[in-house]
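Please look through the structure below slowly, and keep the sequence beside you as you read.

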Amino acid sequence: MFYDFLLYALLGGVGVALVAGPLGSFVVWRRMSYFGDSLAHSALLGVAIGIFFEINLNIAIIVCCLLLAILLVAMQKQHFIATDTLLGIMAHSSLSLGLVTISFIEDARIDLMAFLFGDLLAILPEDLLWILLGGVLVLSLLYYYWPQMIAMTINEELAAVEGVSVAKMRLLLMLMIALVIAVAMKIVGVLLITSLLIIPAASARPLSRSPEKMALLASLLGCAAVVIGLLASFEFDTPAGPSVVVAAMAIFMSIYLWPRKASH
């Protein structure tokens, strides 16, 4: 019997993986993994705000992530603090602030482990709807702005000369990453979200000869990791979210180690 909760988990995981593929490719190309971590850590602050003001958690998380993305882009323009230092401060401060805020909320039944490491098997139809809406929006924007974003990634100065609004594209990319992190939070949790963005894209890189092929292959490898991770979780009774990440890591290692084995 194919349980409903397993079907929901599969659909949710595959839905996120499809969007994470092309977006994760930009994260890898532009070396933005630390940005992803900073935005992911802010998601827990969104949970705390949502519970405190008794509003929909999905909306609270999305708004919080989007606002922090805008703040990160704005603060990048200053020159008195290095970007990596700024990201480190914001990442850990927002995570800690979220944890402290949650501790002050009385009578709030919160499973912090589910938020930190995901609760893929607890996905509901409502969560699937958020993943669908967020995924369609992000993929539509990527399709429409793909040439400009590729140009910006290759060379920002040359892209600006060609008429590309680099600042606009950079902000849009950050907002899309924030949106995907917000809707993917329930899949692998705050601490593992960026792994679902980075690992499939990094795995696809040596197998791809064009940006489009890398984006597509990253999505397919992400879907494979979701399926393998869920099956392993169901078979061995392991946490679903971390199992998906372990599966993605196994695929990554297989791709990178196979040519070396073949060469000996």
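Does Tyr3 count as buried, partly exposed or exposed, and what is its relative accessibility? At 37% relative accessibility, Tyr3 counts as partly exposed, where buried means under 20% relative accessible area, exposed means over 50%, and partly exposed lies in between, with a 1.4 Å probe and protein chains only. This is a predicted model, in which local features need pLDDT of at least 70 and side-chain atom pairs count only at pLDDT 80 or more, while totals for chains, interfaces and linings use all residues. Residues are numbered from 1 along each chain as its sequence is written, and side-chain values use heavy atoms, with hydrogens and water left out.

Tyr3 is found in the segment before helix H1 (4-29), where helices are DSSP runs of H or I with at least four residues, numbered from the N terminus. Together with Phe5, Leu121 and Phe234, Tyr3 makes a nonpolar surface patch of about 350 Å². Such a patch is made of residues with over 30% relative accessible area and no salt bridge, its nonpolar side chains (Val, Leu, Ile, Met, Phe, Trp, Tyr) being joined within 5 Å, whereas like charges are joined within 9 Å. The accessible areas come from the Shrake-Rupley method with a 1.4 Å probe, and for residues only the protein chains shown count as cover.

Two of the helices can be followed from end to end. Helix H2 (33-52) has 20 residues, which at 1.5 Å a residue should span 28 Å, and its end C-alpha atoms are 30 Å apart, which agrees; the expected span is 1.5 Å times one less than the number of residues. Of these 20 residues, 14 are buried, so H2 is largely enclosed by the rest of the structure. For helix H8 (residues 166-188), the 23 residues should span 33 Å, and the end C-alpha atoms are 31 Å apart, which again agrees. H8 bends by about 40 degrees at Ala182, the bend being the angle between axes fitted to the seven residues ending there and the seven starting there. Because 17 of its 23 residues are buried, H8 is also largely enclosed by the rest of the structure.

The backbone angle phi deserves attention at several places. Most residues other than glycine have a negative phi. Just after H8, Gly189 takes a positive phi of about 85 degrees, and H2 is followed by Glu54, whose phi is positive and near 55 degrees. Arg31, in the loop between H1 and H2, has a positive phi near 55 degrees although it is not a glycine, and this residue is exposed, with a relative accessible area of 76%. Asp237 also has a positive phi, of about 55 degrees, without being a glycine; its place is in the loop between helix H10 (211-236) and helix H11 (240-263), and at 72% relative accessibility it counts as exposed.

Next come the aromatic rings. A search of the whole structure finds 6 aromatic pairs, where rings of Phe, Tyr and Trp (its six-membered ring) pair if their centres lie within 6.5 Å, and planes under 30 degrees apart count as stacked, over 60 as edge-to-face and the rest as tilted. The rings of Phe26 and Trp146 have their centres 5.2 Å apart and their planes at 75 degrees, so this pair is edge-to-face. It links distant parts of the chain, with Phe26 in helix H1 and Trp146 in helix H6 (residues 125-154), 120 residues apart. Phe26 is buried, with a relative accessible area of 0%, and Trp146 is buried at 14%. Trp29 and Trp146 have ring centres 6.4 Å apart and planes at 70 degrees, so they too form an edge-to-face pair.

The whole structure holds 2 salt bridges, each being a side-chain nitrogen of Lys or Arg within 4 Å of a carboxyl oxygen of Asp or Glu. Glu156 forms a salt bridge with Arg30, the closest N and O atoms being 2.8 Å apart, and this pair joins helix H7 (residues 156-161) to the loop between H1 and H2, 126 residues apart. The side chains of Glu156 and Arg170 also meet in a salt bridge (2.9 Å, N to O). Salt bridges that share partners join Arg30, Glu156 and Arg170 into one network.
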